[in-house]
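Work through the exercises below with the sequence and the model side by side, and try each task before reading its solution.

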Amino acid sequence: MRRILSIDGGGIKGVVPAASLAELEEALGESIAHFFDLISGTSTGGIIALGMGLGIAAADMLRFYERLGPAVFAGNRLGGGLRRIGFARYHSQPLRKALVATFGVKTLGESHTRLLIPSLNLETGEVHVYKTAHHPRLEVDYKERAVEVALATAAAPTYFPTYRSAKGIPLIDGGVWANNPTGLAVVEAIGVLDWPRDVIRVLSLGCVTEPLHVGMAQSLPLGLGYWAMKITDVFMTAQSFSSLGTASVLIGHEHVLRISPSIGRGRFSLDSVKEISSLRGLGASEARKALPRVRELFCQTRDEPFVPFHTS
């Protein structure tokens, strides 16, 4: 059996999957990362994936959001005038400081499991996916510090400035093309790792699921003024369904377990730091309901030890 854990992006709403994983770990009595052969995560999900790969308990990643989230999303807000003329909403320095406090100088290559962390190259428009050295041709990324990988995948347009790597590559949030990285992870498993599709099982964690609402666009030929406020939600919803659909076609719908609490439209935003307690409750509740199924599908045996092809 080969098992994949996939974690969506969603800003401070990452509290939901972090809380779910913490609840599952408490029930299981050990790190849930021990049961997965590949972990993929985008943006906030990428931060959680990095933490789990580096051996940080899910409860500690939850505390990362609870203690440092307000400083990242509330204590450094740029002035309204600057936002209106096109500047990012937040500085990235508080996020970097929080990540350094959590990951230190650890590198991607120190992960105990295979990792897949999406970003996007703004210079070329190409996808940029950070990967552990789980294939012979993956000779570069494992040297990158976890903090830098996290900043690249979490550089959400309008929220944070573009991240520029030490080599000068301008990178933004992987959520612009793979906010739900489930399909990406399954393609990696089959196409790169050469795992038989009939042995792959996926646990896909979303931050929350909101109903898509486009209102009058269903009946009226509305233009830019209307769609500018709606198109991001449409893209994100479509991408998530496409990603889950890709995974389901490749390995079978019954082998993909999706956990993402359904909520009312507009209940939480990417920077709703005042709602951390509510988000934590959602995550814990979802884990409580899903525990029997998670235990059955993913936690009967531990994963095989990950031995990278390249090390420092």
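The model used throughout is a predicted one.

**Exercise 1. Sort the residues that line the second largest pocket into nonpolar, polar and charged.**

Step one is to find the lining, which consists of Ser31, Ala33, His34, Met52, Gly53, Gly55, His112, Thr113, Asp303, Glu304, Pro305 and Phe306. Step two is to apply the classes to these names, and the lining then divides into four nonpolar, six polar and two charged residues.

**Exercise 2. Describe the chain as a whole by its helices, its strands and its buried residues.**

Begin with the secondary structure, where the chain has 11 helices and eight strands. Then turn to burial, counting a residue as buried when its relative accessible area is under 20%; such residues make up 53% of the 312 residues in the chain. Finally, consider the contacts between residues at least 6 apart in sequence, of which 76% join residues at least 24 apart.

**Exercise 3. Follow helix H3 from its first C-alpha to its last, and find where H3 bends and what covers its buried residues.**

First take the length: H3 runs over residues 58-73, which is 16 residues, and it reaches 21 Å from the first C-alpha to the last, close to the expected 22 Å. Then pick out the buried residues of H3, namely Ala58, Met61, Leu62, Phe64, Tyr65, Gly69, Val72 and Phe73. The cover over these buried residues includes helix H1 (15-28), helix H2 (44-53), helix H5 (93-103) and helix H11 (276-298).

**Exercise 4. Are Thr158 and Asp194 buried or exposed?**

Start with the backbone of Thr158, which has a positive phi of about 80° although it is not a glycine. Thr158 is placed in the loop between helix H6 (146-153) and strand S5 (163-164), and at 53% relative accessibility it counts as exposed. Asp194, likewise a residue other than glycine, has a positive phi near 60°. Asp194 belongs to the loop between helix H8 (182-191) and strand S7 (200-205), and its relative accessible area of 62% makes Asp194 exposed as well.

How values were computed: Residues numbered from 1 in each chain as written. Predicted model: local features only at pLDDT ≥ 70, side-chain atom pairs only at ≥ 80, totals over all residues. Heavy atoms only, no water. 1 Å grid on protein atoms, 1.4 Å probe; cavity = no way out; pocket = protein on both sides within 12 Å on 5 of 7 lines; lining within 4 Å. Nonpolar A, V, L, I, M, F, W, Y, C, P; charged D, E, K, R; others polar. Helix = DSSP H or I, 4+ residues; strand = E, 2+ residues; numbered from the N terminus. Expected span 1.5 Å × (residues − 1). Bend = angle between axes of the 7 residues up to and from the residue. Buried < 20%, exposed > 50% of the residue type's maximum accessible area, 1.4 Å probe, protein only. Contact = heavy atoms within 4.5 Å.
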